[in-house]
Amino acid sequence: MRTPQPSTRPVRGQAKAEDLLALPNERAAEIIDGYLVEKASPSAPHALAQGGVIVVLGPAFHRRGGGGVPGGWWLLPEVEVELEPGQVYRPDISGWRRERMPTPTSERPVRLRPDWVCEVLSRSNAHHDLVTKFRTYHRLGVPHYWQVDPETEVLTVYRWQEAGYLAVLTAARGETVRAEPFDAIAWNVGVLFGDEPEDGPAPG
């Protein structure tokens, strides 16, 4: 895969990261196109899907490699990421390869571009995740983008290409997948939607 080359464009609103950090800690919000946008409280299906991704990927990847597991990632839920001024997102889960982020940063927002982002769709945020963020993640070179839709029970996996994100996998509840960049393991998509996980992910 060719290395993504970030580009920039003007934003419309005037909100900055400092405005986001000034909010009370219990208020989840983002800055999208320069506008401060509050995130709605997650529904049970949304929270289930978000937790399911961590359950599936965490044991195998959120650690150092070795001992029969691939490792090599930091997987962090609900971390504010400043992709550029006017675009400060709070992805449901963000991932950084440890070779790029050797230790978790304490800065807020994080300014190192993620290597992978997962967004769980809901009616209140679908337009942002499907259109606005989709375009920004591509434009700024996020190599891998996942969308999880609890309503249709579908996982879609995108890979960065210069012309636009390429959908390399679309899978529904009940299917077993190897989803890049975590394709070293196989797992059942149903775990994201309430199915019991299997005994453990199947290594490559």
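A charge is taken to sit over a ring if NZ of Lys or CZ of Arg is within 6 Å of the ring centre and within 35 degrees of the ring normal. Arg 98 lies over the face of Trp 74 in this way, at 3.5 Å from the ring centre. The charged end of Lys 133 sits over the ring of Tyr 89, 5.3 Å from its centre. The model is predicted: local features need pLDDT of at least 70, side-chain atom pairs count only at pLDDT 80 or more, and totals for chains, interfaces and linings use all residues. Residues are numbered from 1 along each chain as its sequence is written, and side-chain values use heavy atoms, with hydrogens and water left out.

Lys 133 lies in helix H3 (residues 126-139); helices (H or I, at least four residues) and strands (E, at least two) are DSSP runs, numbered from the N terminus. With a relative accessible area of 1%, Lys 133 is buried (buried means under 20% relative accessible area, exposed over 50%, partly exposed in between; 1.4 Å probe, protein chains only). The side chain of Lys 133 makes a polar contact with that of Glu 119, at 3.2 Å. A polar contact is a pair of N or O atoms within 3.5 Å; within protein, one must be able to donate a hydrogen and the other to accept it, and residues adjacent in sequence count only if both atoms are side-chain atoms. Leaving aside residues up to four places away in sequence, Lys 133 touches Glu 30, Ile 32, Tyr 89, Glu 119 and His 128 (contact means heavy atoms within 4.5 Å).

Ile 32 stands opposite Tyr 35 in S2. Strands S1 (residues 29-32) and S2 (residues 35-38) pair in the antiparallel sense over four bridges, where pairing requires that DSSP finds at least two bridges between two strands. S1 and S2 form a hairpin with two residues between them. Glu 153 is found in the loop between S8 and strand S9 (154-159) and counts as partly exposed at 26% relative accessibility.

Helix H2 (residues 44-61) has 18 residues and should span 26 Å at 1.5 Å a residue; its end C-alpha atoms are 25 Å apart, which agrees. The expected span is 1.5 Å times one less than the number of residues. Buried residues of H2 include His 46, Gln 50, Val 53, Leu 57 and Phe 61. The buried residues of the helix pack against strands S3 (73-77), S6 (93-97), S7 (116-120), S8 (144-149) and S12 (185-188).

The structure holds 14 aromatic pairs. Rings of Phe, Tyr and Trp (its six-membered ring) pair if their centres lie within 6.5 Å; planes under 30 degrees apart count as stacked, over 60 as edge-to-face and the rest as tilted. The rings of Trp 73 and Phe 182 have centres 4.7 Å apart and planes at 55°, so the pair is tilted. Trp 73 lies in strand S3 and Phe 182 in the loop between strand S11 (176-177) and S12, so the pair ties together parts that are 109 residues apart in sequence. Trp 73 is buried at 3% relative accessible area, and Phe 182 is buried at 0%. Phe 61, Trp 73, Trp 116, Trp 146, Phe 182 and Trp 187 form one aromatic cluster.

A cis peptide bond joins Glu 180 and Pro 181, with omega about 10°.
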